[in-house]
Structures are given as structure tokens and as C-alpha cells.
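My notes follow the order in which I checked them.

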Amino acid sequence: MAIQAITQQVLETALAAHGLRLRGCWQPQDGDTLPALPDGSQPGVVWMVGVVGSAFWPYFKASAFYSDGLPDPLDRWSRAIGEDLAARLGGVALFPFDGPPYHPFQRWADRAEATQASRMMLRIHPAHGLWHAYRFALALPGSVASANNGSITPVQSASAAPCVTNLCASCSGQPCLQACPVQAYTGEAFVLQACAGHLHSGQGEACMQGGCLARRACPVGAGQRYTPEHAAFHMQAFASRH
Ligand code: B12
Ligand code: SF4
Ligand code: SF4
């Protein structure tokens, strides 16, 4: 069996133990800013790892990170899992929250699977809608060439990404743009001050307890909407920083 297929199996098994999901892979090219691997060579493949819906939530909640009272429990949980896997596979783990400057996770995501820009700025996926995010990426030795042996269909560049319908252009009424009580989403931008002001005003209970109303208004991937407890965790983290 090809080395890449073995890596994919190892990764899928290891990630499933944490409720995490392999989100495709892509091949580094000139212009990608990536660190060298521990043996000094350049990475041959980058795997994206993330969450879909709230599947990971019970695993994270059961971990020591969730209840240790220290800051940024989800980021620390992600770092522990990502760095352990990278060490086992001779690679380097890269995190979306390390920065600025930040790694371009959304652009990387588009090279790995069928995500696209949405009117919400977040990447939207045909099956998961807006209900997905990235926890880390693994830069590893090897190549994407033989990765087609598995269920993942990697692509080598954004231009080669699978052709899918423009989900937002074909969305009737674009309800996400109507749902925010303070119009924080304009369709071209996210007005952070408007959102944060609302959340801190005492009027933002619906967002704080159940998650962003604009995000919840999106009909795509509705079955993957975050549970209220999971959504409230993110809202609390977001509001505490802004
Ligand atoms: C800084 C940051 C923010 C800032 C500012 C965002 C900004 N637009 O500048 C603030 C605090 C506002 C923010 C808020 C949120 N964020 Co944020 N954020 C980031 C972070 C850490 C860095 C972004 C960055 O500067 N990247 C560097 C650039 C070079 O990378 P990039 O891939 O090219 O990304 C840019 C472009 O894709 C561009 N972009 C996105 N869509 C479009 C569409 C068009 C047409 C164009 C031209 C450009 C464009 O915007 C991106 C940021 O500038 C990323 C993680 C990461 N490392 O990317 C998360 C990230 C983008 N955020 C994420 C999330 C989920 C949120 C929140 C929903 C938080 C929450 N409570 O859960 C909110 C929602 C606000 C919103 N609509 O964006 C997710 C998005 C997942 C997804 N499905 O796409 C990310 C990827 C983190 C993750 N762990 O998965 N975020
Ligand atoms: S509600 Fe419609 S326009 Fe808004 S993000 Fe979802 S699909 Fe796109
Ligand atoms: S969390 Fe609430 S205030 Fe902020 S953008 Fe979403 S709907 Fe608007």
C-alpha cells in the first residue's frame, strides 16, 4: 500500500479518537510559506484537520483542557493533538491561531476540498455549510500523488479545486444578511465593532446563548449546526476578546 494511503489511515484513526476530521490535503508549491520538516527537507504534502458540526465537542469537553481553568482551552487541546501527530509522522503542525501573521487557512482549505468564499466571509462547504472550522494542518514528508487511494480527493491548487455551484449566488433571499440585529455582515465585510458592541450591550443574549443569528440563518448544511452549548463556548471566547 502506498505510503500516503497509510498516512491517511493513521491520521483518520488518530483523529477519530478526538472527534476531529481529516479535511483533505494539498501539495506545496513555490510561494507557499512553510517551515522545513525536522529532517531538514521540505514538506511534500499538507493535510488539513478540522471540525464538522459538533462531533468533536464531547471529546474536547471530556479532556483535561476543558476544565483546567487556564486560558484558550480549545487552542491548547488542538496543539497537544497536532504536535503529537506531527512528531509521530516526522512532520510539523501548523495552527490557525498562531499569529499575526496568520497562516492562510481559508486559502489552504480551498486547495484541499470543496470550500468556497461565502457572503459571511467564512468558507462554506456544500455539505457542512458554515458549520466547520480548522484546528490545525500537518505538513508532512511524502506527496499527494498516491493519496487518491483513500476517500480524500486532493487537489494541487485552487484553480484545480472541484467545480461546485456558487452556493451564495444561488441562495434565495440570502437570509444571513438579514438576520443580524446590527447588520454586522454587509456581504462584503464583517463589522467587528457592531457585532462586539451588540454582544456587550446586554441585548445579545440570543447570539451569546445559541450562536450567531446570521450564521444560524444559513440553510446550507443545517443538520450540522453547532449545539447550543458548543456555540455558546465560541461566542463566550469571541466576546471575551473583543
Ligand atoms: C483574524 C481572524 C478573525 C478576525 C478578523 C477576520 C478578518 N477577516 O480579518 C475576527 C476576530 C473578526 C474573526 C472573527 C471570526 N472568525 Co475568524 N479568523 C481569524 C484568523 C485567526 C486569521 C485570518 C487571517 O488574517 N488569515 C490570514 C490570511 C492571509 O489568510 P486567508 O486564508 O487568505 O484568509 C483571508 C481571505 O480568505 C479573506 N477572505 C475570506 N473570505 C473572502 C472572500 C473574498 C471574496 C475575498 C476577496 C477574501 C476573503 O479573509 C481571510 C482573512 O483575512 C483565521 C484563521 C487563519 N489562520 O486564517 C480565523 C478564521 C477565518 N475565523 C474563523 C471563525 C469561525 C470566526 C468566527 C465565526 C469566530 C467564532 N466565534 O467562531 C468569527 C466570525 C467573523 C467572520 N465573519 O469572519 C474560522 C473560519 C472557518 C471557516 N468556515 O471558514 C477561521 C479559519 C479559524 C478556524 N479555526 O477555522 N476572525
Ligand atoms: S444564507 Fe445563503 S448567502 Fe448566506 S452564507 Fe448561507 S448560502 Fe450564502
Ligand atoms: S453574533 Fe449576533 S451581533 Fe454578531 S454578527 Fe452574529 S448575529 Fe450579528
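**Conventions.** I am working with a predicted model, in which local features need pLDDT of at least 70 and side-chain atom pairs count only at pLDDT 80 or more, while totals for chains, interfaces and linings use all residues. Residues are numbered from 1 along each chain as its sequence is written, chains are lettered from A and ligands numbered from 1 in the order in which they are written, and side-chain values use heavy atoms, with hydrogens and water left out.

**Arg215.** I found Arg215 in helix α9, residues 213-216; helices (H or I, at least four residues) and strands (E, at least two) are DSSP runs, numbered from the N terminus. I noted that Arg215 counts as buried because its relative accessibility is 18%, where buried means under 20% relative accessible area, exposed over 50% and partly exposed in between, with a 1.4 Å probe and protein chains only. Leaving aside neighbours within four places in sequence, I listed Met120, Leu122, Leu130, Trp131, His132 and Tyr226 as contacts of Arg215, a contact being heavy atoms within 4.5 Å. The side chain of Arg215 comes to 3.0 Å from the backbone oxygen of Leu130. I also looked up Cys180, which lies 35 residues from Arg215 along the chain, with 8.8 Å between the two C-alpha atoms.

**Strand β6.** I then turned to β6, residues 132-140, in which eight of the nine residues are buried. Strand β2 (residues 45-52) pairs with β6 in the antiparallel sense over eight bridges, and two strands pair if DSSP finds at least two bridges between them. Within β6, Ala137 stands opposite Met48. Strand β3 (residues 92-94) also runs antiparallel to β6, joined to it by three bridges, and I recorded Ala139 in β6 as the bridge partner of Val92.

**Cysteines.** How many disulfides does the structure hold? I counted zero, taking a disulfide as a pair of cysteine sulfur atoms within 2.5 Å. Cys176 counts as buried at 9% relative accessibility, and Cys195 counts as buried at 14%.

**Ligand 1.** I found 21 residues surrounding ligand 1, the closest being Pro96, His103, Arg107, Arg123 and Tyr134; a residue is near a molecule if one of its heavy atoms lies within 4 Å of it. A backbone N or O atom of Pro96 is 2.9 Å from a nitrogen atom of ligand 1, and a backbone N or O atom of Arg123 is 2.8 Å from an oxygen atom of the ligand.

Terms used:
A polar contact is a pair of N or O atoms within 3.5 Å; within protein, one must be able to donate a hydrogen and the other to accept it, and residues adjacent in sequence count only if both atoms are side-chain atoms.
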